[in-house]
Amino acid sequence: MALQKEEHAVLTVDGEIDYVLERKKIKNINLRVKPDCSVYVSAPQRAAVREIEGFIKAKSKYIKRAKEYYRSCPKIKPVELEYVSGETIKLLGTEIELKVVRGSREFSERKGSVLYLHLKDTEDIKRRKRLFTAWLDGVCREVFTDIMRDVHGRFSEYNLSFPELKLRTMTSRWGSCHPYKKIITLNRRLIEAPRHCIEQVVTHEFCHFVHPDHSKDFYALLQRMYPEWRYSKAVLESTVVL
Ligand SMILES: [Zn+2]
């Protein structure tokens with residue numbers, strides 16, 4: 001049976017409220033505000049819209065308070081690593097398992113899908129983190145620079161000098177660029193995504209060396225240089241949550 005879900009809006013004393021209405025075999029009207037602040041109403045098959053909206057109007061204060069509450073909640077943060085054996089990280093769309101090993105000197109080494117952290121003192125989280133971060137930065141530099149070389153080649157008609165790469169951990173953007181200083185800054189967390197997603201971000205930043213804004217010309221260039229950019233952007237946003 002097809003779900004009967006419809007989107008509506010009703011004007012209340014607390015402003016306009018958008019809601020999703022679903023009709024079900026139930027006796028009473030029910031209303032719920034979800035954590036994403038959307039309003040969901042279920043109603044009996046034959047309830048009149050006027051009756052449903054009267055119900056919503058009567059609950060407008062509650063809806064307003066619930067939305068305020070959810071908006072004030074901090075977003076769920078990704079689990080913090082402790083850099084211990086058994087933990088997994090995402091790398092270029094695949095999973096890598098961490099293994100902490102006690103040894104006479106400190107070094108990291110990747111074998112297939114396992115990253116070994118060799119440490120003298122395996123109990124010290126600061127040392128584990130430092131070793132891991134150094135390894136990850138090395139991988140980011142290697143992969144990002146390789147992609148930048150590919151993309152730079154595609155822009156040969158513009159005679160761009162090869163930009164400097166800076167790594168940052170950012171919570172609101174994938175990358176940025178400084179068109180005059182020829183610097184591209186990339187979010188370390190991009191390394192979690194498949195290569196084509198990183199390529200999309202790098203191509204976007206290279207397009208800014210030609211068009212610093214987000215004008216029509218900018219998007220026309222991006223489209224020409226990376227026709228699948230919309231797809232790669234969508235994959236990136238569903239793979240890595242900032
Ligand atoms: Zn941009």
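I began with Phe 209, which is buried at 11% relative accessibility (buried means under 20% relative accessible area, exposed over 50%, partly exposed in between, with a 1.4 Å probe and protein chains only).

I noted that this is a predicted model, in which local features need pLDDT of at least 70, side-chain atom pairs count only at pLDDT 80 or more, and totals for chains, interfaces and linings use all residues. Residues are numbered from 1 along each chain as its sequence is written, and side-chain values use heavy atoms, with hydrogens and water left out.

I then looked up ring pairs: rings of Phe, Tyr and Trp (its six-membered ring) pair if their centres lie within 6.5 Å, and planes under 30 degrees apart count as stacked, over 60 as edge-to-face and the rest as tilted. I found 7 aromatic pairs by this rule. Phe 155 and Tyr 158 form a tilted pair, because their centres are 6.0 Å apart and their planes stand at 45°. Phe 155 is buried, with a relative accessible area of 1%, whereas Tyr 158 is partly exposed at 29%.

Phe 206 is buried, at 0% relative accessibility. I recorded that ring pairs join Phe 155, Tyr 158, Phe 206 and Phe 209 in a cluster.

Last, I looked for charges over rings (NZ of Lys or CZ of Arg within 6 Å of the ring centre and within 35 degrees of the ring normal). Arg 105 lies over the face of Phe 107, 4.3 Å from the ring centre. The charged end of Lys 111 sits over the ring of Tyr 116, at 5.7 Å from its centre.
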